[in-house]
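Subject: Structure handover

Hello,

Here is the structure I said I would pass on. My notes on it follow below.

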Amino acid sequence: MSKSAMCERFCAMIGRRRLPKVAALFALALLSLVPAPASADNDHQLRFMIQNLYAGSFFQELLAAKTPGEIVAAATLTYQHILATRPAERAVVIADEIAALRPDFVSLHQAAILRTGTAPPATAVTFDLLQSLLRELAAKGVRYEAVAVRPGLDAELPTALGFNVRLALRDVLIVRADLLEEGHVKLSNLQIRQYIAASTDTEGYASIDVIWRGRQFRLVTTHFDLLSFAVPQALELAQTAANTALPVVLVCDCNANADNPADPIFHNFPAYLLLKNAGFVDAFRTARPNDPGFTCCQEENLLNVASAMSRRIDLVQFRGPFKIEDVQVVDAAPADRARLGLWLSDHAGVVATLKLRARDDGD
């Protein structure tokens, strides 16, 4: 592929993968200082977590570049900016957070792989955020297994450094390995689908049916587009993965601020309403009606001292006989940036503990 064609393809793909801060122009302390219990195994409680690992760039330079030469210069700068955010180190610290919380299911977004090479396809791995996180978890004795990997952007550009840079983004669902090995969790009917309602093949969802201690539900993870495709994607999700008689848990980087009509990305709010009208309950807003619960977004370089979060777009939603036991935002307090001197991601994580009741349970 020529440099010009390569640049054109990359920019077309990332143009719609921009984070909310880019789309617009384009904090908070922990909600509870009481440590979460070590496990949600008892009494049919399940703990779900969503965490965007953040590849390390909003891609602003690439989006502004027009000519192949400008794009090469922008790719060089973007690569350097990504490395400056220390992605692999951040993934290790996020793994420490996961090990402390021990969620049963974790939805990871922007689980990036960065590779370099002298010709496409670049194959020398600079970092793999999923593998860094899984290794750290295993080292702490809390093993997780990746059960669904949904590929997103995978594009390569030349740089002024004498090599190409290839970035691949993935959404990944991981599950505690002990639950699988001990038979407490059984999985089936894995579906990984790219949305038809998308101009490129970078958005989609993964769904999987779960038997949890004899009770069954469907778990879905997705990442909606920022702009006009969010609503048709939400509709497509409701008509496919969510079209089931099973109870459903939906973890979503929805890119739709559920609370503030003045927000620049509030035009995605109809996607949120569509899911609400399809019967989904927003766990955080239901449990904490007066808490902002912001999850996005820190500055691009993650070096801002005061939290810049002003939007709540990372959501755990459910439909069916679930009871909310607890919901909290994590990695949003200034203390969370102390270890590395930068925020762990541009997004905070959300952890929701739900009780899966039998349909005839009274409580």
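In these notes, buried means under 20% relative accessible area, exposed means over 50%, and partly exposed is in between, with a 1.4 Å probe and protein chains only. Helices (H or I, at least four residues) and strands (E, at least two) are DSSP runs, numbered from the N terminus. This is a predicted model, in which local features need pLDDT of at least 70 and side-chain atom pairs count only at pLDDT 80 or more, while totals for chains, interfaces and linings use all residues. Residues are numbered from 1 along each chain as its sequence is written, and side-chain values use heavy atoms, with hydrogens and water left out.

Helix 8

Helix 8 covers residues 230–239, and its buried residues are A230, Q233, A234, E236, L237 and A238. Among the elements that cover these buried residues are strand 7 (185–194), strand 8, strand 9, strand 10 and helix 9; contact here means heavy atoms within 4.5 Å.

Nonpolar cores

A nonpolar core is a set of buried Ala, Val, Leu, Ile, Met, Phe, Trp, Tyr and Cys residues joined through side-chain atoms within 4.5 Å. The largest one has 48 residues, and I98, L108, L133, L137, Y144 and I174 have the most contacts inside it. Two or more residues each come from helix 4 (68–84), helix 5 (87–101), strand 2 (105–109), helix 6 (129–139), strand 5 (144–158) and strand 6 (164–176). Helix 5 gives the most, with seven residues. Leaving aside residues up to four places away in sequence, I98 touches M49, P103, V106, L133, L137 and Y144. A second, separate core has 32 residues, including I50, F105, W212 and L356.

Backbone points to check

Most residues other than glycine have a negative phi, and most peptide bonds are trans. Two places have a cis bond instead. One runs from P120 to P121, with omega near 0 degrees, and P121 sits in the loop between strand 3 (113–117) and strand 4 (124–128). The other joins C296 and C297, with omega about 0 degrees; C297 is in the loop between helix 10 (283–287) and strand 12 (314–319).

R213 is not a glycine, yet its phi is positive, at about 50 degrees. R213 lies in the loop between strand 8 (204–212) and strand 9 (215–223) and counts as partly exposed because its relative accessibility is 31%. N255 also has a positive phi, near 50 degrees, and is found in the loop between strand 10 (248–253) and helix 9 (269–277). N255 counts as buried because its relative accessibility is 4%.

Regards
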